[in-house]
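Keep the 3D view open while you read.

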Amino acid sequence: MEYKQLIESRWNRFTWNYDKEVSKESIVEVFKEVYMNVPTKNQMFPYYVTLYKNDDKQKRKDLVTICHRNVYKDIFTDPGNPQMLAPWIIGISFRNVDELEKRYDPLGDIWRSDDHIKQMNSFEAGMLSTYIILGLHNRGYDTGLCQNCSNDPEGTMKIINSPTPPIFLLGVGYGADDKTYLDPRTNEVKNVPYNIDVAESSRKKKFTEGNPSFTDVFRL
Ligand SMILES: Cc1cc2nc3c(=O)[nH]c(=O)nc-3n(C[C@H](O)[C@H](O)[C@H](O)COP(=O)(O)O)c2cc1C
């Protein structure tokens with residue numbers, strides 16, 4: 001896909017078309033592309049990327065339950081994170097690379113504060129996620145981002161079988177434009193948090209709604 005078309009056609013998706021299947025092989029192909037090309041400091045890859053097929057009904061409900069959106073709401077009023085009902089879930093979690101760091105700098109783990117390590121590892125995880133999201137989208141697959149696994153990283157780790165507690169999840173599949181979904185927590189139909197109409201206008205209106213302007217962000 002042409003680059004501008006690629007970035008403009010990506011939206012955070014909340015509902016999925018289950019009639020069309022995304023194969024494991026095609027996601028692994030993206031992972032291999034990312035592994036070869038994503039920037040990584042000193043070739044350390046300070047993260048794990050766990051691929052999980054989200055086809056177990058109970059575990060799907062458990063994942064949506066963990067990924068509660070608004071803590072001040074109960075399960076009946078919480079809009080939820082329905083993107084976690086995607087056919088595939090990708091979990092990003094941290095991997096300890098202290099020993100690898102010493103290959104290039106024997107004092108690496110001494111001068112680097114915990115904060116600095118966390119910052120750089122988070123930077124890398126963000127860059128990695130972007131490459132995965134765009135690599136998938138370039139093949140026609142959609143993604144829905146979710147950080148609410150932070151409500152229970154250990155529980156999320158067990159569900160998706162990741163080696164360390166995930167900090168960030170991606171739902172992957174063919175996106176649907178449904179404005180409602182069946183919340184497995186309550187078995188009730190709810191509105192998706194942001195439907196595609198709102199998503200489109202919110203991207204265009206971002207400068208008029210009290211959000212940072214272009215020059216607030218980009219210092220020229
Ligand atoms: C680090 C990060 C975490 C996010 N976590 C969530 C989340 O927990 N739930 C959610 O619905 N969207 C989440 N999003 C998606 C944003 O809400 C979304 O990107 C934003 O609303 C802009 O919409 P767009 O991506 O469709 O342009 C996250 C995005 C980022 C970058």
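## Ground rules

Two strands are said to pair if DSSP finds at least two bridges between them. Helices (H or I, at least four residues) and strands (E, at least two) are DSSP runs, numbered from the N terminus.

What you have here is a predicted model, where local features need pLDDT of at least 70, side-chain atom pairs count only at pLDDT 80 or more, and totals for chains, interfaces and linings use all residues. Residue numbers start from 1 along each chain as its sequence is written.

## The sheet

Four strands make an open sheet in the order β2-β3-β5-β4, with antiparallel pairing. β2 and β4 sit at the edges with a single partner strand each, so one side of each has no neighbour in the sheet. From one strand to the next, the twist averages 20° (axes are lines fitted to C-alpha atoms, for helices over the stretch in contact, and angles run from 0 to 180 degrees between N-to-C directions).

Now look at β3. Antiparallel β2 and β3 are joined by 7 bridges, and T50 stands opposite G91 in β3. Another 6 bridges link β3 to β5, again antiparallel. There, W88 has V172 in β5 as its bridge partner, while S93 stands opposite P166 in β5. A residue counts as buried if 20 or more other C-beta atoms lie within 10 Å of its own, exposed if 12 or fewer, and partly exposed in between, with C-beta atoms placed from the backbone. In β3, 6 of the 7 residues are buried, so the strand is largely enclosed by the rest of the structure.

## The helices on top of it

Helix α7 (residues 153–160) has T156, I159 and I160 buried. Looking down the axis of α7, these buried residues fall within an arc of 80°, so they line one face of the helix (the arc is that of the directions from the helix axis to the C-beta atoms). E154 and K158, on the other side of α7, are exposed.

What do the buried residues of α7 pack against? They pack against β2 (47–53), α3 (57–66), β3 (88–94) and β5 (166–173), where contact means C-beta atoms, placed from the backbone, within 7 Å. The helix α7 lies across β2, β3 and β5, at about 45° to β5.

In α3, L63, V64 and I66 are the buried residues. They cover an arc of only 160° around the axis, which puts them on the same side of α3. K57 and Q58 are exposed on the other side of α3, and the cover over the buried residues of α3 includes α7.

Most residues other than glycine have a negative phi. N42, in the loop between α2 (24–37) and β2, has phi near 55°. With 13 C-beta neighbours inside 10 Å, N42 counts as partly exposed. N187 has phi near 60° and sits in the loop between β7 (180–183) and β8 (188–191). N187 is exposed, with 8 other C-beta atoms within 10 Å.

## Around the ligand

The ligand is surrounded by W11, N12, N81, L145, C146, Q147, N148, P193, A199 and R203, counting a residue as near if its C-beta atom, placed from the backbone, lies within 6 Å. β4 (142–146) and α8 (196–204) are the elements that give two or more residues to this shell.

By class, the shell has 5 nonpolar, 4 polar and 1 charged residues. Ala, Val, Leu, Ile, Met, Phe, Trp, Tyr, Cys and Pro count as nonpolar, Asp, Glu, Lys and Arg as charged, and the others, Gly among them, as polar.

Conventions
Two residues are in contact if their C-beta atoms, placed from the backbone, lie within 7 Å.
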